[in-house]
Amino acid sequence: MSFEQQKTFFIETFGCQMNLHDSEKVAGSLVSQGYRQVLSAEDADLIFYNTCSIRDKAEQKVFSRLANFKRLSKMGKKFAVIGCVAQQEGERIFERAPHVSLVAGSASYRNLPEMLVQIERGERATGLDDRNTEETFETEFTARTNPHRGYITIIEGCDKFCAYCVVPYTRGRERSRTSESVLEEARRIVDSGLTEIQLLGQNVNSYCDPLGRRSFAELLAEVGHLAGVRRVRFTTSHPRHFTREIVEAIDTVPTLCDHVHLPIQSGSSRVLDAMAREYTREQYMERISWIRAAKHRTISLTTDIIVGFPGETQEEFELTMSLLEEAQFDAVFSFKYSPRPNTPALVMENAISEEEKTRRLAVLNDRQREIQRVNYARHVGQVVEAMVEGYQTAREQVTGRTSQNKPLNFTVPVGVAAPAVGGYVQVRVVRSHPNSLVGEMCLAEEAEETPAAYSVI
Ligand code: 5AD
Ligand code: SF4
């Protein structure tokens, strides 16, 4: 088939890193079926939206995209809606947007080749009934789009059923891959030239090796020991399954990054119980004390918080505020509670008004910004390692990231070539903002003279 005759596809992704990586796998699968990826919907024969339904706003985006691009269906282009909105809305999507040909949830992606044949024949295809599967979506054909980080899904789905969350309904039950297949994929990633690996799962630390060979912490350490791996990250951890063994692995395996993302959701044990989170504030703080007690590393801690969960009183919100002071997070992803279909919280009493949720969110974000201003300022004067992620040509800066996952943008001395994307350099931090650091790249000799200081906070 000539280049011009080849069928083309475009894929737009909404939502979390799991979705971004699913899109890489879907794209790889399409390429292996003879399709070619293009960078705009206008240029594509087949348009994929990989959707997110975690909050209402995320969900609305796909319907506005479909409405905007309806005219393209008259030109013979086909539309596919995949991911969480697809799973949640199912065939109702065909009613709302009749120009859609394929609707599939993430548990069905391994059947994509068959579904593609169906839509090529002019039929509609659905993949909605596979959520009870034991199988994971393993494909050899991942089209990795991140130029410096290789994602590996180690566990799919979620069995936690937090009262506010759609994920267990959209992504189905938890299923882990064998640790052998994870290690094999990690080796392939390193062979392809990437040195940073991120292990992914909605609930990454409930990982349970189907062959019982390795615990999550052992797998983490073993990925970190692979030749050629420079940085290993993992997300998202659930406090209930967060063990001392994970801290021990980070503390002793130098390639494991100094960062843990551990969503708390609320500082009130009463609210945590209503959310069905399976831990108390005290148990969460105990895990933080393990993280802070690491002997060799200063591990940065970030979290997710929901404000305005049904029934959250002003006093309970203040407990979340006092938790911010105690925990001293380096980043907080904060959200107004958003009622989601099928979830138990949908019918809970004492809903908090939109206005009050907005107020609580602003109070929380204002305080957290100040905490971060202080935390980030502690880096000024330190020399830290940055991985190069790209360039901001207008500001003549290189964009990078520290092991603690902090953005570090830096200038390069006059006459020195800018380092390549994916490379590692030592950078002296000269300024800080509440969400990023600014620095100057060190020359090789200078970096050797200055002891690298990772210890902050
Ligand atoms: N409303 C608001 N935030 C939510 N999250 C998940 N579900 C909801 C919801 N219904 C947030 C949680 C989770 C993050 C990924 O999204 O904080 O950790
Ligand atoms: Fe949702 Fe809770 Fe599962 Fe996280 S652990 S994906 S918040 S149900």
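Helices and strands here are DSSP runs numbered from the N terminus, a helix being H or I with at least four residues and a strand being E with at least two. The peptide bond from T235 to T236 is cis, its omega near 0°. I also looked up Q328, found in the loop between α13 (314-327) and β13. Q328 is not a glycine, yet its phi is positive, about 50°. I jotted these down because most residues other than glycine have a negative phi, and most peptide bonds are trans.

**Entry: ground rules**

This is a predicted model, where local features need pLDDT of at least 70, side-chain atom pairs count only at pLDDT 80 or more, and totals for chains, interfaces and linings use all residues. Residues are numbered from 1 along each chain as its sequence is written, chains are lettered from A and ligands numbered from 1 in the order in which they are written, and side-chain values use heavy atoms, with hydrogens and water left out.

**Entry: the open sheet**

I traced an open sheet of three strands, β11-β12-β13, with parallel pairing. (Two strands pair if DSSP finds at least two bridges between them.) Why does one side of β11 and of β13 lack a neighbour in the sheet? Both β11 (259-261) and β13 (331-336) are at the edges with a single partner strand each, so one side stays without a neighbour. From one strand to the next the twist averages 10°. (Axes are lines fitted to C-alpha atoms, for helices over the stretch in contact, and angles run from 0 to 180 degrees between N-to-C directions.)

Between β11 and β12 (residues 300-307) I noted three bridges. There, V260 is opposite L301 of β12. Helix α14 (residues 354-377) lies across β12 and β13, at about 175° to β13; contact means heavy atoms within 4.5 Å.

**Entry: the barrel**

Next I followed five strands that close into a barrel, β14-β15-β16-β18-β17, with mixed pairing. Strands β15 (residues 397-402) and β16 (residues 407-411) run antiparallel and are joined by four bridges. V398 has F410 in β16 as its bridge partner.

On a 1 Å grid over the protein atoms alone, a cavity is a set of points where a 1.4 Å probe fits but cannot get out, while a pocket is an open set with protein on both sides within 12 Å along at least five of seven lines; lining residues have an atom within 4 Å of a point. Points are joined across faces, edges and corners, and a volume is the space filled by probe spheres set on them.

The second largest pocket holds about 290 Å³. Which residues lie nearest its centre? They are R55, D56, K57, K336 and S338, out of 13 lining residues. α2 (56-68), β13 and α14 each give at least two residues to that lining.

I got two cavities of 30 Å³ or more. The second largest cavity, about 30 Å³, is lined by D22, K25, S106, F137, E156 and R171.

**Entry: ligand 2**

Around ligand 2 I found C158, K160, F161, C162, Y164, C165, V167, P168, Q202, N203, H238 and R277, where near means a heavy atom within 4 Å.

Notes:
Two strands pair if DSSP finds at least two bridges between them.
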